Number of protein chains: 2
Amino acid sequence: MFGKPLPTWDERAEELGTAAGIPIFGLDALSSAAYGPEAALTLLILLGAAGIAYIVPISVSIIVLLTIVYFSYRQTIAAYPGGGGSYTVASENLGPFAGLLAAAALMIDYILTVAVGISAGVGALVSAWPQLLPHTLLLCLLILVFITVINLRGLRQAGIVFMLPTYIFIGSLLATIAWGVFKSVLAGGHPVAVEMPPPAAAPVVAAASAWLLLQSFSSGCTAMTGVEAVSNGVRAFREPKVQTAQRTLTVIIALLIAMLGGIAYLVRAYHIAATDPGQAGYQSVLSMIVAAVAGRGPFYYVTIGSVLVVLCLSANTAFADFPRLCRAIAINGYLPDAFRLRGRRLVYSQGVYVLAILAALLLTIFGGVTNRLIPLYAVGAFLAFTLSQAGMVAHWRRVKDPRSGRYMFVNGMGAIATGITVLVVLVAKFVEGAWMTALLIPALVVLMLSVHRYFKRVAKELEYSHPLNVGGLQPPLVILPVQHWSRLAQKALQVALTISPDVQAVHVCTEGEDKELQAQWVELVEDPAKAAGFPDVKLVQLESPYRFVITPIVDHVLKVQQEHPERRIAVVIPEMIEHHWWHYFLENNRSELLKALLLLKGNQRIILVNVPWYLKT
Amino acid sequence: MFGKPLPTWDERAEELGTAAGIPIFGLDALSSAAYGPEAALTLLILLGAAGIAYIVPISVSIIVLLTIVYFSYRQTIAAYPGGGGSYTVASENLGPFAGLLAAAALMIDYILTVAVGISAGVGALVSAWPQLLPHTLLLCLLILVFITVINLRGLRQAGIVFMLPTYIFIGSLLATIAWGVFKSVLAGGHPVAVEMPPPAAAPVVAAASAWLLLQSFSSGCTAMTGVEAVSNGVRAFREPKVQTAQRTLTVIIALLIAMLGGIAYLVRAYHIAATDPGQAGYQSVLSMIVAAVAGRGPFYYVTIGSVLVVLCLSANTAFADFPRLCRAIAINGYLPDAFRLRGRRLVYSQGVYVLAILAALLLTIFGGVTNRLIPLYAVGAFLAFTLSQAGMVAHWRRVKDPRSGRYMFVNGMGAIATGITVLVVLVAKFVEGAWMTALLIPALVVLMLSVHRYFKRVAKELEYSHPLNVGGLQPPLVILPVQHWSRLAQKALQVALTISPDVQAVHVCTEGEDKELQAQWVELVEDPAKAAGFPDVKLVQLESPYRFVITPIVDHVLKVQQEHPERRIAVVIPEMIEHHWWHYFLENNRSELLKALLLLKGNQRIILVNVPWYLKT
């Protein structure tokens with residue numbers, strides 16, 4: 001299902017050129033055009049038909065912000081050819097705490113990228129086929145599973161899978177924009193729609209206010225999410241890595257600006273108002289634009305199909321970046337070791353699993369409706385932008401370069417612009433959901449700090465650089481539970497006799513039965529052992545009025561351990577093994593329970609010896 | 001939640017008199033009156049208003065059958081004071097195969113008792129409060145969980161919980177019948193209903209045919225399910241056990257006959273037609289009767305409330321009997337050992353769990369609608385009746401008793417009557433669902449035979465009655481995986497050195513790192529060990545191009561094991577333990593995986609030594 005394992009030396013084959021880099025690292029940024037403008041327009045519903053016009057100044061502000069961020073990230077790519085994600089840049093230049101803050105912001109951002117990408121894709125799907133609307137959440141989760149599997153197979157195949165739909169998406173959207181603008185200009189700015197969009201909801205429930213426009217701008221800022229992806233993944237590009245990555249970033253940003261500008265123009269020209277998200281009659285803004293410009297013919301379905309695929313797969317950016325981020329954090333000891341290890345397909349599988357599970361959780365909580373996820377989204381992304389740019393400012397201050405001053409100015413502009421945006425978004429969206437992000441980010445930071453403290457404590461406790469201490473070693477005192485005399489009991493006893501001269505067998509008496517073992521013990525065990533020169537093997541009887549078999553053994557082991565403070569106690573646990581899954585239901589699994597309980601209640605001086613008996617099949 | 005553990009000697013306190021025995025062992029039989037007549041009537045819907053009258057001859061046939069079965073079971077109780085369930089009687093008198101057939105039939109019967117009891121109880125509830133109808137399944141499952149918990153606490157408390165509602169149910173239903181019959185006789189057989197029942201669905205879609213009446217009779221036979229409960233549980237009664245049990249059975253059967261007769265009379269007198277089950281507008285027959293006789297006042301709600309409680313708790317009969325049956329089968333070696341062991345509250349907990357899970361499955365599949373479960377029900381119950389009576393015939397043939405002939409005749413009558421009923425029900429209900437029971441019963445028999453074969457094979461393989469063989473014992477060859485030099489590695493090495501003179505450390509090299517261990521090995525381990533008189537401890541390096549850590553170790557162990565065909569191999573597995581659940585997410589759990597994989601791929605000569613390291617908290 002996930003393909004054959006790849007050896008470590010196969011790694012360099014995963015390197016990308018510009019053409020392959022655009023789908024891999026640009027999907028998130030480009031597909032944001034499909035939900036960012038819509039998110040801004042949805043808030044303008046309250047203003048009725050008059051609200052539509054405000055999309056133009058809002059889109060222009062976002063494009064200006066985007067341009068500033070672009071120049072800022074170009075410099076980051078050049079300065080960090082090994083991969084200059086916000087986490088790396090912030091921790092190296094602003095210290096580990098800022099780094100963790102950036103990391104937490106990015107993790108939230110990536111999870112939301114997955115959730116929003118998929119939910120917006122399904123939004124496109126239900127625009128074309130409204131009868132699917134009731135199954136929104138199910139569709140979201142199915143797509144999530146599909147993407148997860150693709151990503152567990154590894155990046156290279158993923159690139160091939162994603163290239164075609166991305167280029168269809170870019171091509172058809174740009175064609176729609178060009179054709180729509182052309183028709184509009186011909187019609188003197190008042191084009192006639194092929195298919196009329198639904199009219200704006202009649203009742204005007206609010207007047208245009210600065211507050212409402214700020215809210216709309218904050219929602220629209222989600223159109224910028226994902227532009228940092230290229231700078232994180234510079235190492236995945238073909239040589240010369242920096243130039244290839246910068247070229248890729250330039251193309252992505254140019255395409256995104258063209259789309260945002262074109263959408264804003266067409267929304268205004270064709271009077272397209274957003275519809276109520278998650279309600280019957282919902283239709284995505286892109287769907288209305290394409291239907292208005294080109295009608296609901298084959299072109300409409302190809303475009304909407306590519307929007308669906310691209311939006312869903314935009315989640316892939318996060319699936320490429322989230323595990324890398326987790327790995328970087330794990331290398332610094334702030335996340336468990338498992339995130340540092342690549343799976344059998346050279347993918348950091350643990351990160352893929354965690355991302356998939358958290359995104360599924362978010363989708364389920366918010367019912368797969370994009371508009372409910374939007375308020376959580378922009379805070380994380382813009383906080384990471386800000387920390388990254390601020391880190392770059394600190395970087396240029398340290399670096400001795402004649403152009404440092406100019407560079408510092410560009411990154412400083414970026415830091416200030418995105419920093420102000422974080423505050424705007426946080427205030428404007430606080431009640432609607434930004435409070436969750438505002439709580440989750442510090443919670444994540446605290447979590448990572450605790451993990452770090454835990455690992456430092458464990459490492460300190462286990463640290464030992466002296467040579468092996470061999471003083472006072474003596475064999476363990478062996479305790480062997482025996483319920484019946486059988487081949488398995490004999491084998492366990494043989495093992496016990498070979499590893500120590502001190503062996504004690506214990507037998508639990510439940511409901512008065514099984515007294516016969518004691519009667520036979522001397523003849524079956526003690527006499528032959530003595531004859532062969534082994535020391536005494538006594539049988540200890542344990543009474544159990546509550547019919548428990550396991551707890552009396554554990555209690556006895558703990559008692560013996562207290563009576564011999566200088567000895568190690570080895571508990572020999574016989575166990576039957578059969579290579580059939582249904583075997584588990586047939587045996588009473590006492591040995592499994594005994595092992596678990598002894599490990600749980602045990603201590604440094606108790607060790608377990610597991611003697612398996614493989615049943616013939 | 002389940003109460004404190006009970007010691008074995010507390011067992012006799014669970015003994016019951018007649019008054020307590022009726023709720024415990026009679027609930028299933030008595031509550032059948034609430035769904036049996038309704039099941040028969042539901043089929044008569046097809047005949048329109050004219051169909052109602054047929055309920056009288058059908059009920060009379062069922063009462064005759066019930067009387068025959070009653071006399072038959074009285075004799076069973078006397079002959080089997082230790083508990084004469086169908087399984088015991090059939091296996092002792094007709095051989096183990098007939099016993100297993102009876103056991104399988106009973107197991108299916110018990111599961112359906114639970115499912116039908118709960119679904120019919122919820123049917124009463126939604127009759128009184130129709131707005132609950134859409135939540136039928138959820139209500140069923142909640143009640144199932146409640147009953148399961150009660151039963152895990154043990155029988156004694158259960159008796160107290162069930163006594164009151166049962167007597168309210170019996171009292172109010174008999175009062176309804178007496179009052180209804182009195183009014184009807186006063187009105188010359190044409191009483192006026194206080195609340196008119198809904199009229200029978202107008203279109204008559206079938207003519208009365210022998211086939212339809214047989215189907216209606218077959219459904220009505222479910223009113224007899226549960227009458228065998230007393231004979232299974234004779235041991236639970238107070239001394240003199242046989243007389244107490246027989247008296248209890250007599251009271252239960254007399255009450256049941258009064259109810260079935262009364263219901264049939266009132267249905268006809270008040271012209272009550274069944275409503276479509278599982279559809280909007282559904283109302284149970286009992287609800288319509290009580291509303292017709294007494295109106296929807298407080299008496300109606302008390303009666304319907306007791307019907308709800310009693311029907312739901314009728315499942316308790318199965319919860320008392322199913323685990324006992326499984327225990328009896330397990331003692332004979334046809335079910336896993338776990339069914340034989342009493343839990344901490346003297347309950348055979350395993351059987352309770354299995355019953356609860358299977359009943360939940362049935363309820364979910366059939367949406368909690370009684371009428372869909374009915375076709376599956378009667379086959380199992382009547383097959384068990386038949387095998388039990390037939391077994392008694394064989395029993396009397398063997399026993400030397402002057403009255404054997406008379407006894408044989410009574411049980412023979414029972415066997416023939418119930419045997420014919422099995423065939424009728426099987427044919428009449430085959431398409432609607434009896435085919436499932438007809439498949440499940442032989443499948444269960446095959447399953448139990450396989451379990452028996454498995455246990456016989458295991459017992460034979462492990463059987464060993466000779467004294468301990470101590471020839472040629474030598475210490476195991478110890479293999480110890482070491483990734484880093486630490487206190488834990490040192491402890492594991494100390495344990496290894498004390499249990500065997502042959503110790504080999506292995507180290508897995510992934511991605512070229514960690515070569516330093518080899519460089520330090522001589523100084524850290526070999527020299528001090530040699531100085532203390534221990535033999536050489538060599539470090540073996542294992543290369544791992546696929547970055548796996550665990551499989552190279554397992555492969556190495558298997559290789560060493562093949563190279564030393566005469567030795568046991570002990571693999572020492574160091575493991576960190578911390579008493580916090582979240583610890584599991586922080587460590588990479590390699591030791592757990594290694595243990596599992598070694599047990600899975602290992603063989604008779606490989607044993608595991610688990611050396612835990614308890615982290616300070």
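Student: So helices (H or I, at least four residues) and strands (E, at least two) are DSSP runs, numbered from the N terminus. Where does His271(A) lie?

Tutor: His271(A) is in the loop between H10 and helix H11 (285-294) of chain A. Before we go on, this is a predicted model, where local features need pLDDT of at least 70 and side-chain atom pairs count only at pLDDT 80 or more, while totals for chains, interfaces and linings use all residues. Residues are numbered from 1 along each chain as its sequence is written, chains are lettered from A and ligands numbered from 1 in the order in which they are written, and side-chain values use heavy atoms, leaving out hydrogens and water.

Student: Got it. Is His271(A) buried or exposed?

Tutor: His271(A) is exposed, at 54% relative accessibility. Buried means under 20% relative accessible area, exposed over 50%, and partly exposed in between (1.4 Å probe, protein chains only).

Student: And what is the phi of His271(A)?

Tutor: Phi of His271(A) is near 55°, a positive value in a residue other than glycine. Most residues other than glycine have a negative phi. In chain B, His271(B) also has a phi near 55°, and His271(B) sits in the loop between H9 and H10.

Student: New topic! What kind of peptide bond joins Glu239(A) and Pro240(A)?

Tutor: A cis one, with omega about -5°. Pro240(A) belongs to the loop between helix H9 (229-232) and helix H10 (241-269) of chain A. From Glu239(B) to Pro240(B) the bond is cis too, with omega near -10°.

Student: Which residue does Glu526(A) pair with?

Tutor: Glu526(A) forms a salt bridge with Lys538(A), 3.1 Å from N to O. Glu526(A) lies in helix H17 (residues 516-531) and Lys538(A) in strand E3 (residues 537-543) of chain A, so the pair ties together parts that are 12 residues apart in sequence. Glu526(A) is buried at 9% relative accessibility, whereas Lys538(A) is partly exposed at 44%.

Student: What about Arg296(B) in chain B, which partner does it meet?

Tutor: Arg296(B) meets Glu195(B) at 3.2 Å, N to O. The two are 101 residues apart, and the pair links distant parts of the chain. Both are partly exposed: Arg296(B) at 31% and Glu195(B) at 29%.

Conventions: Salt bridge = Lys/Arg side-chain N within 4 Å of Asp/Glu carboxyl O.
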